[in-house]
Amino acid sequence: MLRRIIKSISPKVIVEVVGYETNKMIINEIAHEMGISTIELQHGVIGRGHIAYNYLINREYRHLPEYIFYYSDYWKHTCDYPVAKTKQIVTGYPYMEEQMRKNKSCQWKSKNMKVLILSQPEFSVKLRSLIEDVLKQFQHIACNIEFIYKLHPAEYSLPIETWKELLKYNNVKLVHDGSKSLYSLFAESDIQVGVTSTAVFEGLAYHLTTFIYHLEKTDIYMKDLKETESAIFFDTAFELVKLILETHKRTEREMNLENKFFVKNSLNNIVHEIQKVVEQR
């Protein structure tokens, strides 16, 4: 069926996301046989722990895309993906650039420091328990700090009672639906706390001070952030409280203005690179 569809369309190039999804792999094989180029656009975190982007043997795999377009050069070195080096292209992330234009970082922050918590379904129970402990400790500390607990979209359907222990504290706001953009939350925040979410990298594009909860998969996906001092790992609620207070004491936020995770002008980059692929056929 897929072969018939591709033959009837006769595309010059196929652009895809999530290239390891079953139908995409079948399409990639058919396209390879028909001499049609396939391009995968990076859609999230790529790391050593992602089975779809790490291969022990570097040979030709017909089910993989011919090209992959990365957010930046950084992502090329986070995995062993057997696509020719000349066909691993840096283009950027158009959706994030668009959202950053709409949600610019607030030059004048509120007097209250804001800490954004990025929840993930896989780590939800552990992260919720940690933040409950953090909020409990902050009850006895005099400082102007607000917490924004942002649920993952996959958690929106869960009953709000799941987070009832958090809601007992008046310095925390629970974002449990899509009424507020994640990027608007980045723009108004000073600190972000996460585990392995792609959103952590997007928050870094806003130069947020970044703390990573050190759990079982953190070393696999986020190790480079620690090694490049882009983020600080912590293990306990006590450590996180200390890190937040140390940040709160700074008169100015220390920012690395270089954004190494996402290159700029991404949409034009992607269009230009697709045109080059088409012209080569």
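Biologist: Is K104 buried or exposed?

Modeller: This is a predicted model, so read every value as computed from it. Exposed means over 50% relative accessible area. K104 has 63%, so K104 is exposed.

Biologist: Where in the chain does K104 sit?

Modeller: K104 belongs to the loop between α3 (94-102) and β5 (113-118).

Biologist: What does K104 touch, leaving aside its neighbours within four places in sequence?

Modeller: A187 and Y206 are its contacts. Now take a separation in space. K104 and I68 lie 36 residues apart in sequence, and their C-alpha atoms are 29 Å apart.

Biologist: Now a strand. Why is β9 said to be largely enclosed by the rest of the structure?

Modeller: Count its buried residues. Buried means under 20% relative accessible area. In β9 (residues 209-213), 5 of the 5 residues are buried, so the rest of the structure largely encloses this strand.

Biologist: Which residues point which way from β9?

Modeller: T209, F211 and Y213 point one way. T210 and I212 point the other way. Residues of both sets are buried.

Biologist: Which strands pair with β9?

Modeller: Look for bridges. Strand β8 (residues 191-194) runs parallel to β9, joined by 4 bridges.

Biologist: How does the chain cross from β9 to β10?

Modeller: Through helix α7 (residues 218-227), in a right-handed β-α-β crossover.

Biologist: What is the strand order in the open sheet of 4 strands?

Modeller: Read across the sheet: β1-β2-β3-β4, with parallel pairing. The edges are β1 (13-16) and β4 (88-90). Each has a single partner strand, so one side of each lacks a neighbour in the sheet. From one strand to the next, the twist averages 25°.

Biologist: How many bridges join β1 to β2?

Modeller: 4 bridges join β1 to β2 (residues 37-41), and the two run parallel. V13 has S37 as its bridge partner in β2.

Biologist: Which strands does helix α2 touch?

Modeller: Helix α2 (residues 22-34) packs on the sheet and touches β1 and β2. Its direction makes about 160° with that of β1.

Biologist: Where does helix α9 lie?

Modeller: Helix α9 (residues 266-280) lies across β1, β2, β3 (67-70) and β4. Compare directions again: α9 runs at about 165° to β3.

Notes. Residues numbered from 1 in each chain as written. Predicted model: local features only at pLDDT ≥ 70, side-chain atom pairs only at ≥ 80, totals over all residues. Heavy atoms only, no water. Buried < 20%, exposed > 50% of the residue type's maximum accessible area, 1.4 Å probe, protein only. Pairing = 2+ DSSP bridges. Right-handed = clockwise from strand over helix to strand, strands pointing away. Axes fitted to C-alpha atoms, helices over the stretch in contact; angles between N-to-C directions. Contact = heavy atoms within 4.5 Å.
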